[in-house]
Amino acid sequence: MPIKILSVDDENDLELLLTQYFRRKIRKGEYDFHFAHNGLEALTMLLREKDFDIILSDINMPEMDGLTLLTKINEMQNPALKCIMVSAYGDMGNIRQAMNNGAFDFATKPIDLDDLSRTIEKAAEQIAYIKAREKEHLELAGIKGDLAVAREIQQAILPRVFPPFPEEAEHMDIAASMNAAKDVGGDFYDFFRIDADRIGFTIADVSGKGVPAAIFMAVSRTLIRATGIRGVTASECITYINGLLAKESVNYMFVTVFYGIYNCRTGEVTYANAGHNPPYVMRADGSLETLPMSKDLVAGVIDDYQFTEETLHLEPGDTLLLFTDGVTEATDTEENEYGEERLSMLLSHSSKLTCQEIVDKVKADVKAFAGKAEQSDDITLLALKRL
């Protein structure tokens, strides 16, 4: 696009002078000159055509002088519109006022056209830079808007209605929460009914952050749900989805997963742990246990890996708490970590609480510990209690 220049001067000779001097650039489509004979006429053109880049304005004109025109242009708040003011050499007071009022540069009469040409080129460079930054800003604003929508979609695919199984209200309690560190996160939780007696539940943490992790999260969550709902064992589920993820993995992404199957009638939990943090078992008597550290790999690395399966029994009043490392690795302003010891102390006095109360209590304690420190990782929790 040509640089669009509006020359404002009550001397008609200047129009001929400019079109003659810049004729090559005009013919090549580099410059597009327009002319007005006073500030009022120029202002009318500016309001009608908002794509002017440079205003080349005389200061002393009838009806509306250049300084008044400059004030009106400033009110338009267009940083890409540059004003070059023109006046007699001896009129330095007005020129200085124009510069103080935001003019880009000035030229003195009689105009040195070679010098004016360099000034216009300098203004064009500034305009190109500003327009490039404005374009980047608009693109970033668009991305920010897309991320906001993506965040809403991501939150929408996670179960958010509690209790999720009203028909099991006498047998179990369950609650969960995911707070992403960025616009979108890589953590997820899920639970779903397998049959009349069994509920599948999972928590996971995808490697990396941001949009790639969010996409991998959505794929992983869908695969686990679609596979688990068929009623396969916990180890078969993780083994199967691991093979799919490993074959399709990009940039060596992986996911740590804890997938369990809870029997609402017996309290038995069978589970497979693909490199995830060991959950806590809060016993009804107030004691606290930690499940054994996983010996299996994370999911999405080796496609033919066979995952193992373990069994846990929940007595009435026992609670299983699953979490991602965003909880224990949360830091305060001095880079101190929240840590498992602090989490254990908190949970050891929480066995009588409901699942929602436990989740809220942990989140609040982590937030209080971190203080003003920025959240560096997704924070996800899932609690399941046998009633």
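Two aromatic rings of Phe, Tyr or Trp form a pair if their centres lie within 6.5 Å. Keep that rule in mind for this predicted model.

**Aromatic rings**

Ring pairs tie Tyr 21, Phe 22, Tyr 31, Phe 33 and Phe 35 into a cluster. Across the whole structure, a search finds 14 aromatic pairs. Take Tyr 21 and Phe 22: their ring centres are 4.8 Å apart and their planes stand at 80°, so this pair is edge-to-face. The cut-off for that label is over 60 degrees. Is Phe 22 buried or exposed? Phe 22 is buried, with a relative accessible area of 2%. Tyr 21 has 30% relative accessibility and counts as partly exposed.

**Charges over rings**

| Charged residue | Ring | Distance to ring centre |
|---|---|---|
| Lys 4 | Phe 52 | 4.6 Å |
| Arg 230 | Tyr 240 | 5.6 Å |

**A sheet and its helices**

Now for the strands. An open sheet has 5 strands in the order β6-β15-β14-β11-β12, and the pairing is antiparallel. Which strands form the edges? They are β6 (172-179) and β12 (288-290), each pairing on one side only. From one strand to the next, the twist averages 15°.

Strand β6 runs antiparallel to β15 (residues 379-386), and 8 bridges join them. Here Asn 179 stands opposite Ile 379 of β15.

Helix α10 (residues 339-347) packs on the sheet and touches β11 (280-282), β12 and β14 (319-323). The direction of α10 makes about 20° with that of β11. Helix α11 (residues 355-370) lies across β6, β11, β14 and β15. Helix α11 runs at about 30° to β6.

Terms used: Residues are numbered from 1 along each chain as its sequence is written. This is a predicted model: local features need pLDDT of at least 70, side-chain atom pairs count only at pLDDT 80 or more; totals for chains, interfaces and linings use all residues. Side-chain values use heavy atoms; hydrogens and water are left out. Rings of Phe, Tyr and Trp (its six-membered ring) pair if their centres lie within 6.5 Å; planes under 30 degrees apart count as stacked, over 60 as edge-to-face and the rest as tilted. Buried means under 20% relative accessible area, exposed over 50%, partly exposed in between (1.4 Å probe, protein chains only). A charge sits over a ring if NZ of Lys or CZ of Arg is within 6 Å of the ring centre and within 35 degrees of the ring normal. Two strands pair if DSSP finds at least two bridges between them. Helices (H or I, at least four residues) and strands (E, at least two) are DSSP runs, numbered from the N terminus. Axes are lines fitted to C-alpha atoms, for helices over the stretch in contact, and angles run from 0 to 180 degrees between N-to-C directions. Contact means heavy atoms within 4.5 Å.
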